Amino acid sequence: MSATAVEVHDLRIELVGRDVDVVDEISLEIRPGEVLGLVGESGSGKTTVGMALLGHVRRGGRVGGGAVMIDGNDLAHLDNAGLRKLRGGTVAYIPQDPGTSLNPALRLRVQLREMLDAHAGTTTEAERDARLRQSLEEVALPSDDTFLARYPHQLSGGQQQRVAIAMAFACRPNVIVCDEPTTGLDVTTQARVLQTVRGLCQSHQVAALYVSHDLAVVAELADRVAVMYAGRIVEAGTRDQLFGAARHPYTRRLLRAVPDLEGKRAVVGIPGFAPLPGRRPEWCFFEPRCPLATDVCRSAFPPAFEFEPGHRARCYHADQAPREVPVEGATAVSVAHEPELALAIRGLDAHYGSRATLFGIDLDVHRHECLALVGESGSGKTTLARCVAGLHKDYTGAVMLRDEVLPPAARSRSDAARQQIQYVFQNPYASLNPRRTVGQTIARQLELFFPGRRDMGERVGECLERVALSASAAAAYPDELSGGERQRVAIARALAAEPAVMVCDEITSALDVSVQAAIIDLLRELRTSMGLSLLFITHNLALIRTIADRVAVMTEGRIVELGPTAQVLEHPSAPYTQQLLANTPSIAAVG
Amino acid sequence: MSDQTVDTAVNLGLEAAVEPVPGGAVLQRRPWLGILRNALRLGRTKIGVAIVALIIVIAVFGPLAAPHSPTEFVAVPNSGPSGDAIFGADALGRDVFSRFLHGGLSVLWMAAAATLIGVGVGVGVGLVAAYSRNWLDDVLMRTSDVVLAFPQIILALLAVSAIGPKLWLIVLVVGVSHMPRVARVMRGAAQEVVERDFVKAAEAVGEKRSRIVFGELLPNVTSPLLVELGLRMTYSIGLVAAVSFLGFGLQPPAADWGLMIYENRLSITVQTWSVLLPVLAIGLLTVGTNLITDGIARAAIGIDRTSAR
């Protein structure tokens with residue numbers, strides 16, 4: 001076995017027919033048993049690089065230069081049959097969403113056998129069966145016949161992902177590519193999956209490329225980290241170098257954008273946007289957004305400067321970056337108010353058909369307060385939010401706006417009640433009508449709640465400016481906007497009603513961390529300027545530190561802990577909260 | 001307009017999160033306009049439009065250009081082409097060409113009206129059913145199923161033989177017989193849209209049901225709607241012509257393509273033109289509308305794939 005399992009030299013992947021690179025000048029190497037974290041925001045090209053290790057280029061693209069060497073073999077020299085043999089055999093892949101990558105019509109045994117049949121060569125039936133069971137045991141899943149007879153939909157998300165991992169490791173690959181395998185999972189499950197991946201990589205001496213947007217996860221798992229920005233690796237180093245002493249301004253800003261359990265500092269977003277292929281400048285791609293930019297940055301794309309062995313950054317000012325990246329973190333708002341009730345939930349039980357999902361929920365949201373509702377998927381937090389908003393009417397108990405008990409269905413509530421409670425959805429890609437312009441969407445909200453008022457155009461502009469969008473955005477359709485911009489529009493729509501309570505259902509979970517930080521910042525500002533109460537629903541414990549006054553922790557339809565944010569995070573009393581905190585990955589754990 | 005579009009796009013930095021689509025996604029202001037524009041770039045649509053335009057010109061301006069009155073006897077019955085009657089005379093001695101030029105308008109307007117009724121009602125029923133998701137959905141769709149159980153032509157003949165050969169009745173019955181077919185397609189298309197969050201957002205702020213159905217859902221199902229319009233038009237032409245052929249449409253001595261085929265069918269071996277002309281016209285018209293529909297459907301697939309998520 002050679003010293004490095006994976007070597008990538010100056011890889012360039014470009015769009016067919018256009019002289020535009022998607023990624024370029026990608027060089028990295030991974031030794032057996034090592035985990036390399038490849039970090040970047042959406043569109044940075046990290047998945048493209050991950051796929052290149054499998055000898056795969058997405059349709060419309062092609063390898064324009066450089067080489068990918070797996071165990072010393074150049075993938076460019078392999079034909080289709082060679083690539084097929086390589087994939088799954090030498091290089092295995094763990095996909096992002098096991099729910100779609102497992103065949104729903106096949107039982108687990110058949111599913112796992114397919115892999116072994118394709119790659120295990122001339123082994124006997126009994127050997128394969130043994131290997132199959134062993135691979136399941138390795139990921140801490142049962143390996144008995146009843147389990148093997150199950151279909152993927154009979155497993156939980158975490159189990160499905162572990163089956164995918166078992167499949168990846170079943171043929172004893174030398175290299176494994178993980179494409180955000182824990183993105184859809186709860187922290188508890190995520191912690192277990194990460195542990196499994198790390199353990200297997202070490203015990204089988206597998207070189208792993210772990211592609212992720214989540215810096216905290218990478219901090220927990222990776223030995224070395226490479227940061228991608230706009231199709232280039234801008235910084236690479238060991239985990240400690242990167243999280244302890246990042247050199248590139250982008251990396252540093254990215255780290256500042258990650259919410260953290262320990263730190264009380266506010267998260268800070270990165271203004272501006274990563275340039276798309278074809279629109280990238282001829283010099284440093286980060287220059288337009290960089291606080292350190294000078295004339296030299298506009299001369300050419302910076303070469304890699306090495307600081308310590310293995311720690312490289314592509315920035316002319318990398319030596320000064322540690323000293324000054326001027327970001328002024330807003331201090332957490334803690335305006336003292338007499339607790340005055342804005343929203344109350346009393347003895348709320350909710351059902352889906354005959355299945356009960358919420359049990360005796362009592363919760364108060366005070367005026368000007370941000371109450372965070374934390375829980376894993378299936379805890380009932382979204383159901384609770386929908387009960388509040390009148391979107392889930394199958395409940396008993398009371399939702400009260402100040403002292404008025406509201407009817408369950410939004411349609412039977414008064415206009416005033418509907419105006420006072422506004423709901424912002426998780427996915428901004430679905431919550432805006434794609435056939436209406438941003439302006440039309442917001443104008444409709446204004447028309448509904450403040451009919452008969454004039455100067456609509458101006459007021460739409462004001463609403464947009466309130467969420468830091470330009471008034472000219474009114475003419476855009478949602479699909480012309482980025483995810484962060486769409487979520488701002490959704491918030492602007494909610495705020496247009498001038499509500500007293502805004503219910504935010506996981507509103508940042510579909511967004512990149514730098515965008516998430518900006519949205520959180522915005523919410524905090526709006527709270528003070530508009531005197532808003534927030535019911536902020538999230539699965540991300542680290543996030544609430546920077547925004548919430550109080551936290552309610554939910555599991556299995558019950559609130560198990562409720563208290564001021566600092567107290568809950570530092571001295572959790574409920575065992576469930578303690579476990580949740582222990583499983584939350586953190587970059588502060590490094591160094 | 002398009003310059004401005006690109007401009008806003010750049011200002012907003014819209015390129016942030018999306019992966020590039022090779023060739024570039026077209027930004028569609030009004031999706032149905034974009035579909036029509038793209039459809040017109042396809043050869044089949046161009047041919048279809050040319051055919052349909054030709055038939056429409058014949059049907060609309062034909063009566064002005066006709067050398068004779070459609071009811072005037074000009075030659076010996078079933079005589080062949082001559083200087084006075086270039087396509088000869090029909091079974092009663094009337095000028096075939098003049099009758100042909102006069103006979104198109106009725107088919108066209110009846111088919112168009114029936115299509116509008118059928119698609120209009122069908123869209124309403126389909127969207128309301130998709131949005132209601134309760135007993136109303138069942139009632140509407142099962143009622144549609146009952147209508148669907150009868151072949152369209154039987155339904156038309158049943159109504160006409162019960163009430164009499166009235167043109168409005170034919171239009172109405174053909175339209176109504178289209179309704180369940182359109183409703184099914186629209187319901188299917190809208191069901192996926194109903195589940196999206198922007199519909200829930202509209203409910204949360206108390207939008208009226210009618211506004212949700214026609215303001216939120218309808219703009220998101222324009223491509224199947226366009227395809228249905230074309231498809232139902234094709235069927236309407238065939239049905240209306242068939243009803244006339246069976247003698248329940250326009251009554252003699254009026255000129256009508258369907259009726260012409262009926263009147264002259266026995267003498268087809270002697271005087272081919274009197275049958276061939278209307279047959280060709282009806283055939284071409286359905287082929288033309290079908291080509292247009294096909295073009296629209298193809299264009300809609302391309303557009304729905306790139307935008308409208």
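Two strands count as paired if DSSP finds at least two bridges between them. Keep that in mind for the sheet below. The structure on screen is a predicted model.

**Whole chain.** Of the 591 residues in chain A, 53% are buried. Take the contacts between residues at least 6 apart in sequence: 69% of them join residues at least 24 apart.

**Confidence.** Now colour chain A by pLDDT. The mean is 84, and 94% of the residues reach 70 or more. Then select residues 324-333 of chain A, where pLDDT stays under 50. The model has 20 contacts beyond four places in sequence for this stretch. Where pLDDT is low, the predicted coordinates should not be read in detail.

**The sheet.** Next, show the strands of the open sheet in chain A. It has 8 strands in the order β6-β7-β8-β3-β9-β10-β12-β11, with mixed pairing. Which strands stand at the edges? They are β6 (91-94) and β11 (305-308) of chain A; each has a single partner strand, so one side of each is left without a neighbour in the sheet. From one strand to the next, the twist averages 20°.

Zoom in on strand β7 (residues 175-179) and strand β8 (residues 207-212) of chain A. They pair in the parallel sense over 5 bridges. To see one facing pair, pick Ile176(A), which stands opposite Ala208(A) in β8(A).

**Two domains.** Zoom out and colour by domain. Chain A is divided into domain 1 (6-313) and domain 2 (342-432 + 500-584). Taken over C-alpha atoms, the centres of the two domains of chain A are 33 Å apart. Where they touch, domain 1 of chain A contributes 20 residues and domain 2 of chain A contributes 23 residues.

Finish on the domain 1 side of this contact. Select α8 (187-203) and α11 (249-257) of chain A, each of which supplies at least two residues of the side that touches domain 2 of chain A. Helix α8(A) gives the most to that side, with 3 residues.

Key
Residues are numbered from 1 along each chain as its sequence is written. Chains are lettered from A and ligands numbered from 1 in the order in which they are written. This is a predicted model: local features need pLDDT of at least 70, side-chain atom pairs count only at pLDDT 80 or more; totals for chains, interfaces and linings use all residues. A residue is buried if 20 or more other C-beta atoms lie within 10 Å of its own, exposed if 12 or fewer, and partly exposed in between; C-beta atoms are placed from the backbone. Two residues are in contact if their C-beta atoms, placed from the backbone, lie within 7 Å. pLDDT is the predictor's confidence in each residue, from 0 to 100. Helices (H or I, at least four residues) and strands (E, at least two) are DSSP runs, numbered from the N terminus. Axes are lines fitted to C-alpha atoms, for helices over the stretch in contact, and angles run from 0 to 180 degrees between N-to-C directions. Domain bounds come from an automatic or database domain assignment.
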